[in-house]
Amino acid sequence: MNIDPIQNGVVIDHITAGKGMRLLQLLKLDETDLSVALIKNVVSSKRGKKDIIKIDADIPVNLDLVAYVDPGATVNIIRGGQLVEKRQMEMPELLVDVIACKNPRCITSTEQELKQIFRLSDRKNKIYRCLYCETKAEK
Amino acid sequence: MKKRSVIDVLDLSVEELDQLVATANDIIAHPDDYAHACDRKKLATLFYEPSTRTRMSFEAAMYELGGHVISMAGANSSSAAKGESVADTAKTVSCYTDIIAIRHPKEGAALVAANNASIPVINAGDGGHCHPTQTLADLLTIYREKQTFSGLTIGVCGDLKFGRTVHSLLNAMSRYPDNKFVLISPEELKVPSYVKQDALKSKNLPYEQTTDLEAAMPKLDILYMTRVQRERFFNEEDYLRLKDSYILTPEKLRTAKSDLSILHPLPRVNEISVAIDDDPRAAYFKQVLNGKFMRMALILKLLKEAGTL
Ligand SMILES: [Zn+2]
């Protein structure tokens, strides 16, 4: 299966197979009018199957969100048909306004305009906790 | 000078805890030396839910340091009722006081206050999350009863699942060498695995889990009691079957060491029989007094660090 190479845009590559759709939704790409392709279960030489998202527009992508959902992904920026930037994801120390705390007893549930901040508390097990109430982020 | 707040007891290093205990002991020995330590300084108590004993302890602490107290009492009075945010209240109160003690039903509220205040903030309880000055009271009590934080067998009994004071105490005492821990609770209310992991397993500390308070009793140097609440059980039958096992009575104390210290964060309902109150091993009312001395030590420390004193 082939999708034409993009001239200016973003390719999110090496997404763990099966996580592409969720990432697409979290990045709200399902709500845009942009030309976006989700390619699922591509056979990759390195690690079996993977998903790929191609966005045919040079838009900013929330790298923290990508890193949170799938730290193994890479984000490639394409301009004029050329790869100009390749970014390996690294789990960020802080996730600011990426995910929301689900704990109803958390101050974020009542305090207006409070930023949703999650701190990486366990890098090995990829566990983020709410900065305020320390509740674990749901995966 | 850098403003410092205390949200969680783990915000304080072991050295700082030792210093606070030393200051509190010095206050107890020489109260007159501290009677004007905070002259003309003001403590704001922002209590968004009633907790009379904690508020009184903070207020007594500030008065004994020669300072003053301004209170925003009750969730249904003043700014809270008008819907002012914790962040805005913290900014406002920073303008006319020197230090804040905040109690709030929501978890993380004290951190929001600390992030927005220009003066030190002490967490006086944020929902079921943290209550560091309770743990300070517990620590001073252990120290004054045992003259050490090491080499102790510490039993915690009752609701070990939801009882955050227990989790904080385990975390705090696990930082000192050669302590052993006995976790005594019904199956339904065992210490959560993440607490065991953080406080005990990750440091390879010896601990045992049991449902049997009487069997554990002879080993203990410290017994920290908490309440087993009815609403924590799925059915009434289990509660009624179990509740008496975790009520401390003179009979259960028969096999205890003569120098055992019995602690409880209070208020109690019935989990310690009043018949024990006059036993020399009962330390829970001393614990209340110790809480005031540790709050004095903490207020002094934070005001000094902030450059206010
Ligand atoms: Zn939260």
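Student: At what angle do the axes of helix α2 (residues 52–64) of chain B and helix α11 (residues 284–305) of chain B cross?

Tutor: Happy to start there. The general idea is that two packed helices are described by the angle between their axes and the distance between the axes. Here, in a predicted model, the axes of α2(B) and α11(B) cross at roughly 55 degrees and come within 8 Å. The two helices are therefore oblique to each other; angles under 35 degrees count as roughly parallel, over 145 as roughly antiparallel, 65 to 115 as roughly perpendicular and the rest as oblique. An axis is a line fitted to C-alpha atoms, for helices over the stretch in contact, and angles run from 0 to 180 degrees between N-to-C directions. Helices (H or I, at least four residues) and strands (E, at least two) are DSSP runs, numbered from the N terminus.

Student: Is the crossing of α2(B) and α11(B) right-handed or left-handed? And which residues make the contact?

Tutor: The crossing of α2(B) and α11(B) is right-handed: a crossing is right-handed if the near helix is turned clockwise from the far one by less than a right angle, and left-handed if anticlockwise. Contact means heavy atoms within 4.5 Å. On the α2(B) side the residues include B:Phe58, B:Ala61 and B:Met62, and on the α11(B) side they include B:Val288, B:Phe293 and B:Ile299. By class, this contact has eight nonpolar, three polar and four charged residues. Ala, Val, Leu, Ile, Met, Phe, Trp, Tyr, Cys and Pro count as nonpolar, Asp, Glu, Lys and Arg as charged, and the others, Gly among them, as polar.

Student: What angle does α11(B) make with helix α6 (residues 132–146) of chain B?

Tutor: α6(B) and α11(B) pack at about 115 degrees, with their axes 8 Å apart, and are therefore roughly perpendicular to each other. The crossing of α6(B) and α11(B) is right-handed. Among the residues in contact are B:Leu136, B:Leu140 and B:Arg144 of α6(B), together with B:Phe293, B:Met294 and B:Leu298 of α11(B). This contact divides into six nonpolar, six polar and five charged residues.

Student: How should I read the sheets? What is the strand order in the open sheet of five strands in chain A?

Tutor: In general, strands of a sheet pair through backbone hydrogen bonds, either parallel or antiparallel. Here the order is β2-β3-β1-β4-β5 in chain A, and the pairing is antiparallel; two strands pair if DSSP finds at least two bridges between them. β2 (36–44) and β5 (82–88) of chain A stand at the edges with a single partner strand each, so one side of each has no neighbour in the sheet. From one strand to the next, the twist averages 20 degrees. Inside the sheet, five bridges join β1 (residues 9–16) to β3 (residues 48–55) of chain A, and A:Val11 has A:Lys54 as its bridge partner in β3(A).

Student: Which strands form the open sheet of three in chain A?

Tutor: They are β6-β7-β8 in that order, again with antiparallel pairing. β6 and β8 of chain A are at the edges with a single partner each, so one side of each is left without a neighbour in the sheet. Four bridges join β7(A) to β8(A), and A:Asp122 stands opposite A:Ile127 in β8(A).

Student: Which conventions apply?

Tutor: In this predicted model, local features need pLDDT of at least 70, side-chain atom pairs count only at pLDDT 80 or more, and totals for chains, interfaces and linings use all residues. Residues are numbered from 1 along each chain as its sequence is written, chains are lettered from A and ligands numbered from 1 in the order in which they are written, and side-chain values use heavy atoms, with hydrogens and water left out.
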